[in-house]
Amino acid sequence: CHSLDGSQMVGPTFLGSFGRTVTLEDGTTVVADEQYLHQSIVDPNSQIVQGFAPAMPQNFSEQLSDEQISDVIAFIKSLSDN
């Protein structure tokens, strides 16, 4: 659902996403930092990126351990120059 090469799919690309300012569907902006990514994993419909539908499944906090969530965030960070 998320690309690793910058192409647009169902969800935003992970390439270069960490540290980038993201515009949300309500017009506000947020920096895609560790806190934002964590929130997006555990409650994916709380802050939808503008131009994307709320399509991510719910309840990742029940499916992934805190360590696994941290690993996903570290992976996303590794795809950025920041």
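Reader: What does the lining of the largest pocket have by class, nonpolar, polar and charged?

Author: There are 20 nonpolar, 7 polar and 1 charged residues in that lining. Ala, Val, Leu, Ile, Met, Phe, Trp, Tyr, Cys and Pro are the nonpolar class, Asp, Glu, Lys and Arg the charged one, and the rest, with Gly, are polar. A pocket here is an open set of points on a 1 Å grid over the protein atoms alone, where a 1.4 Å probe fits, with protein on both sides within 12 Å along at least five of seven lines; lining residues have an atom within 4 Å of a point.

Reader: Before going on, what kind of model is this?

Author: A predicted one: local features need pLDDT of at least 70, side-chain atom pairs count only at pLDDT 80 or more, and totals for chains, interfaces and linings use all residues. Numbering starts from 1 along each chain as its sequence is written, and side-chain values use heavy atoms, without hydrogens and water.

Reader: And the mean pLDDT of the chain, what is it?

Author: The mean is 92, with 99% of residues at 70 or more; pLDDT is the predictor's confidence in each residue, from 0 to 100.

Reader: Where is confidence lowest?

Author: In H2, at a mean of 80, while strand E2 (residues 29-31) is highest at 98. Helices (H or I, at least four residues) and strands (E, at least two) are DSSP runs counted from the N terminus.

Reader: Back to the pocket. Which residues lie nearest its centre?

Author: His2, Pro12, Phe14, Ser40 and Met56, out of 28 lining residues.

Reader: Which helix gives the most to the lining?

Author: H1, with 4 residues. Helices H1 (34-42) and H3 (66-78) each supply at least two.

Reader: Now the largest nonpolar core. Which residues are in it?

Author: It has 12 residues, among them Phe18, Val22, Tyr36, Val49, Phe52 and Ile69. H1 and H3 each contribute at least two. Such a core is a set of buried Ala, Val, Leu, Ile, Met, Phe, Trp, Tyr and Cys residues joined through side-chain atoms within 4.5 Å.

Reader: What is isoleucine 69 in contact with?

Author: His38, Ile41, Val42 and Leu64, leaving aside neighbours within four places in sequence. Contact means heavy atoms within 4.5 Å.

Reader: Valine 22: buried or exposed?

Author: Valine 22 is buried because its relative accessible area is 7%; buried is under 20%, exposed over 50%, partly exposed in between (1.4 Å probe, protein chains only). This valine lies in strand E1 (residues 21-23). Beyond four places in sequence, valine 22 touches Thr28, Thr29, Val30, Ala32, Tyr36 and Val49.

Reader: And where is valine 72?

Author: In helix H3. Valine 72 has 30% relative accessible area, so it counts as partly exposed.

Reader: Last one. Is cysteine 1 buried or exposed?

Author: Exposed, because its relative accessibility is 65%. Cysteine 1 sits in the segment before E1. Setting aside neighbours within four places in sequence, cysteine 1 is in contact with Met9, Val10 and Gly11. Its C-alpha is 8.1 Å from that of proline 12.
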